[in-house]
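Please read the following note with the structure open beside it. The points are meant to be taken in order.

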Amino acid sequence: MSRLDWLPDFLARLAAEHLLAHSGDEAVLAPAQRLVLDPEDWGNAAKVAARMGLRHVGMWADPSEGAGIVTRVATGADSTPDPQGIAVYACLEYQGGYVVLETAVPLDQPVLPSQTPHFPGLARLERHCHDLTGVTFQGHPDPRRWTRHQAWEEGEFPLRTDFPTAGRSVRHVGADADYPFPKVQGSGVYEIPVGPVHAGIIEPGHFRFQAMGEDVLRLEERLGYVHKGIEKIAVGRDPAALARLAARVCGDSTVAHTWAACQAMERATGGAVPPRADWLRALMAERERVANHLGDIGAICNDVGFGFAHMQCARLRELWQRRSRALFGHRLMMDAICPGGVAWDLTAEAPALLLADHTALRRAAIPLFDVIDDHPSLNDRLISTGRLSTAQVRALGCTGPVGKASGLPFDVRRDCPYPPYDRLEVVVPQEREGDVAARVRVRMSEIQESLVMMDRLLMTLPAGETTAPLPPAPPGAVGLGLVDGWRGEIMTFVRFGADGRITRFFPRDPSWFTWPALEQLILGNIVPDFPVCNKSVNGSYSGEDL
Amino acid sequence: MDHYLTLPGWGLAVFQSLLYIALAPLLVGWVRKVKARLQNRHGAPVLQAYRDLYKLLAKEARVAHTASPLFRAAPYIVFTATWMAAATVPLLVVDLPTAAIADIIVLVGLLALARVFLALAGMDVGTAFGGMGASREMMIGALAEPAMLMAVFTLTMTAHSTNLSSVIDHHLAEGFILRPSYLFALGGMVLVAIAETGRIPVDNPTTHLELTMIHEAMLLEYSGRHLALMEWAAQVKLLLYGTLIANVFLPWGIGRGMSAAALGVGLAVVLAKLAALGAGLAVGETVLAKMRLFRAPAFLNLALLLSLLGLLSHVILEVGA
């Protein structure tokens, strides 16, 4: 495990701070190493990790029945464990190696030190965690509610076992009018509330600008308008039903989210995936990346009034998605991945068609990319707009095009490869400028690299089965899925209950960390440049609102 | 100029101003069509702009509960003022009574009146976007109006009249003379026209992004017939500027006298000139992205500078020549 070479150093640093880390069963959350901590050490462990330069991958709590016991038994802290304890997890990454910190808090007093002071990107994950499970984070700099709008009362925690799956009422939910936005005072300062209903057809989100003239002084996002209760309705599902739910976490990343969920379930149950299925999954994930990057590049150009590039990208994307519909059964390839493999197989003539498609896309896209890259009027708008420094993306933990454009080229496919990427050369583009233009260039490079990879995948496509039955899950089995979607690293956690059904599902979309980046990169820009900055980040509303 | 004020002259003036509002959607439809073809799209039919107006006119007009009577009145004032301004610009023939009673200063004044009510209506409802659009519109207006006045003064100094008909008459009588001052003024006028009619690279008429809007931001609260009138006024304004450039700077072909033949030729020629200008606008909008809002003052300063150069070159090169 060369990717975890740094672990002894980390443990030594924890020990130097008198933090007791019990190495639990190492294989439980493979490929991550599990470390169980006492609750009071939770905040300090984050401090040590942040000093050492670890990246935070996400945190979540598991209030399902029995989740807390495992943890508390591992610490040896409690001989009469509270069966209703809440297990809390935090995932960290360094040099491609993953560690999962784990602790448990009692249900009657679920209080834990916050890790946000050391990892600013965690702020919303901890607020989300509090709204849904009731874990209170001491020392959190921003204790306002996040996911809870008006759909459930303060003091109610939907993910707890005593909360009904259908919710408490079906009444119409009122507007969330009393959210306390901080005010910026001063003469000439004014507020611009934007959304959640927009003039265009986009997902709902509220943006509160404080501006002076056209200069943005402060931006705060308010999301949660598409909260679907994904985590709650996952409870009690069988693996196949969970895969269908994961496909709907975020429609434009349906392949990546389904893959991450299936990977987590396969790791939890020890299920094997036939090589052909791995190849086909990667093929679809790369197709998804190409389609979305094409759409994003076009949308960025459209937001600065360059309709020509928008139309060309839309045309290429449409042809691409029609091919997906013809060969993969769905324009977005939704539900094509299932636990244990893929739900369909490519026909014999499909590889030749796809290879021809790749050549055609290259021929069309490369001249188009040359125009976009070298157009003075576009350069004037995109270069130096919405700049994000390496330090900022590092602090927030951004992955995907946002991280890669600001000098952090982390990519799960290369740095912690899962099949079939362990057999492929993954070239990760990197830019340093961190502006909108750099994020466009990263997307253009990724499209070209994905085309190369898809050619390789098709030429080396193994024969054989496309699906293997998933073995029954041992009671309490947990699994971690780590997949690189087109927005960045997706981390998914699943726990099975005693009946082989899901008791906890947490998909962590990369948008959790890129949305806060948007609040930072807009500073120093003017109000009319916000749409193009937003589009260059393109966080998912649905993926974060869950 | 009393000889203009005849009954047939008035009839023709009314006909011409009706022609303005009838043709305005056609020009917009044409520009959209050319733009679509340049982007390899089929695009909507050229007549789509008429259908949109018809649709809006047939729809119920919803008004925000915070709106004052000014909000309801503004579309009518804006439309009428723009229409009146257009009526002073010779479209088919020169020497009409409308030209005799209104000169180019009145034209600029009427457009300013429309602008003021548009901006007031934008602020009236009290949404952030309306106020933002109004402030941006006023910034553009404050910079565009001097440049436009400067450009037309160049023309009027040559013709010794601020009356558009006289300017055109003078220009036609002189024959084709390549005047540096006209070229400079034409350049300034084109830039002003682009900014004033809200086209790329200053504003984007097709955007759905509230935060980037200038003209559209002020119309966000309008619906139904109010919106139709506002949109129609914007289309008339585009036609007005197109005609101003087509007929004042390149007046050849415009009808003189009131014979049917003169009218027919005048109509055909002006349509051809406007079609060419519209196609040129579509090409410009295809090859350019919208510029940053704070580049707009530099853009309009260039317009002012060109107009000023026109004025100077007239004084230095052409006076007494």
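1. Basis of the note. This is a predicted model, in which local features need pLDDT of at least 70 and side-chain atom pairs count only at pLDDT 80 or more, while totals for chains, interfaces and linings use all residues. Residues are numbered from 1 along each chain as its sequence is written, and chains are lettered from A and ligands numbered from 1 in the order in which they are written.

2. Overall form of chain A. Chain A contains 18 helices and 15 strands; these are DSSP runs numbered from the N terminus, helices being H or I with at least four residues and strands E with at least two. The radius of gyration of chain A, taken over C-alpha atoms, is 23 Å, close to the 24 Å that the globule rule (2.2 Å times the number of residues to the power 0.38) gives for 546 residues, so chain A is as compact as a globular protein of that length.

3. Burial. Of the 546 residues in chain A, 53% are buried, where buried requires 20 or more other C-beta atoms within 10 Å of the residue's own, with C-beta atoms placed from the backbone.

4. Domains of chain A. The domain assignment, which is automatic or from a database, gives domain 1 (2–138) and domain 2 (230–545). Their C-alpha centres lie 28 Å apart. In chain A, 28 residues of domain 1 are in contact with 22 residues of domain 2, contact meaning that C-beta atoms, placed from the backbone, lie within 7 Å. On the domain 1 side, E3(A) supplies the largest share, six residues.

5. Contact between chains. Chain A places 24 residues in contact with 23 residues of chain B. On the chain A side, strand E8 (189–194), helix H9 (307–328), helix H11 (376–382) and helix H17 (530–537) each give two or more residues.

6. The core. The largest nonpolar core has 261 residues, and those with the most contacts inside it include A:Tyr89 and B:Ala147; such a core is a set of buried Ala, Val, Leu, Ile, Met, Phe, Trp, Tyr and Cys residues joined through C-beta atoms within 7 Å. Helix H10 (residues 224–249) of chain B gives the most to this core, with 15 residues. Domain 1 and domain 2 of chain A both give residues to this core, so it lies between them. Among the residues that B:Ala147 touches, leaving out those up to four places away in sequence, are B:Val192 and B:Leu300.

Methods: Two residues are in contact if their C-beta atoms, placed from the backbone, lie within 7 Å. A residue is buried if 20 or more other C-beta atoms lie within 10 Å of its own, exposed if 12 or fewer, and partly exposed in between; C-beta atoms are placed from the backbone.
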